[in-house]
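Here are my notes on the model, point by point. Have the structure open while you read.

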Amino acid sequence: MKELKKLPDSELEIMQAVWKNAPPVTTHMVMESLNPQKEYKQQTALTLLNRLHERGFIRCEKEGRSRLYYPLISREEYLEFETGRFMAQMHQNSLSSLVATLYRGKNISQEELEALQKWLDQKG
């Protein structure tokens, strides 16, 4: 896996729009996928897409007057990176610490605990 770095929230939002659509993705598709409450201007989206290209998260091809974007990092790869970083920083890589925190904060239901237990039992 490539050496990843944490994306700023604005770039992550653009990247999520890229992941949400089947490649290739156009600027218009990205704009359509963004949260309308944020009111991104097209130039802002283009700037963020350029940053993602410079960071190696997407590939850009020009086709006529359009630009086509292809993800180079999958959502799963980035999720694994962010989760690992979070677990190391906040829970010292302890799954039990994470689950205990979620349970205390009432962010995990009994059904989710049972599903987690089933998953752990299967992984042995």
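**Notes on the helices, rings and backbone**

1. Start with α1 and helix α3 (residues 42-54): they pack at about 85 degrees, and their axes are 9 Å apart. Axes here are lines fitted to C-alpha atoms, for helices over the stretch in contact, with angles running from 0 to 180 degrees between N-to-C directions. The two helices are therefore roughly perpendicular to each other (65 to 115 degrees; under 35 counts as roughly parallel, over 145 as roughly antiparallel, the rest as oblique). On the α1 side, Ser-10, Glu-11, Ile-14, Met-15 and Val-18 meet Ala-45, Leu-48, Leu-49, Arg-51 and Leu-52 of α3; contact means heavy atoms within 4.5 Å.

2. Some housekeeping. This is a predicted model, where local features need pLDDT of at least 70 and side-chain atom pairs count only at pLDDT 80 or more, while totals for chains, interfaces and linings use all residues. Residues are numbered from 1 along each chain as its sequence is written, and side-chain values use heavy atoms, with hydrogens and water left out. Helices (H or I, at least four residues) and strands (E, at least two) are DSSP runs, numbered from the N terminus.

3. The other helix pair to check is α4 with helix α5 (residues 95-104): their axes come within 10 Å and cross at roughly 80 degrees. That makes α4 roughly perpendicular to α5. Phe-86, Met-87 and His-91 of α4 make the contact with Leu-95, Ser-97, Leu-98 and Thr-101 of α5.

4. Now the rings: how many aromatic pairs does the structure hold? There are three, where rings of Phe, Tyr and Trp (its six-membered ring) pair if their centres lie within 6.5 Å, and planes under 30 degrees apart count as stacked, over 60 as edge-to-face and the rest as tilted. Trp-19 and Tyr-78 form a tilted pair, 6.1 Å centre to centre with 40 degrees between the planes. Trp-19 lies in helix α1 (residues 9-20) and Tyr-78 in helix α4, so the pair ties together parts that are 59 residues apart in sequence.

5. Tyr-78 also pairs with Phe-81, again tilted, at 5.6 Å centre to centre and 45 degrees between the planes. These two are three residues apart in α4, which means about one helical turn separates them. Ring pairs link Trp-19, Phe-57, Tyr-78 and Phe-81 into a cluster. Tyr-78 is buried at a relative accessible area of 3% (buried is under 20%, exposed over 50%, partly exposed in between; 1.4 Å probe, protein chains only).

6. Glu-82 sits in helix α4 (residues 75-91) and is buried, at 17% relative accessible area. Its side chain joins that of Tyr-78 through a polar contact of 2.7 Å (a pair of N or O atoms within 3.5 Å; within protein, one must be able to donate a hydrogen and the other to accept it, and residues adjacent in sequence count only if both atoms are side-chain atoms). Not counting residues up to four places away in sequence, Glu-82 touches Lys-6 and Leu-7.

7. Finally, the backbone. Most residues other than glycine have a negative phi, and most peptide bonds are trans. Pro-23 and Pro-24 are joined by a cis peptide bond, with omega about 0 degrees. Gln-92, in the loop between α4 and α5, has a positive phi near 50 degrees and is exposed at 60% relative accessible area.
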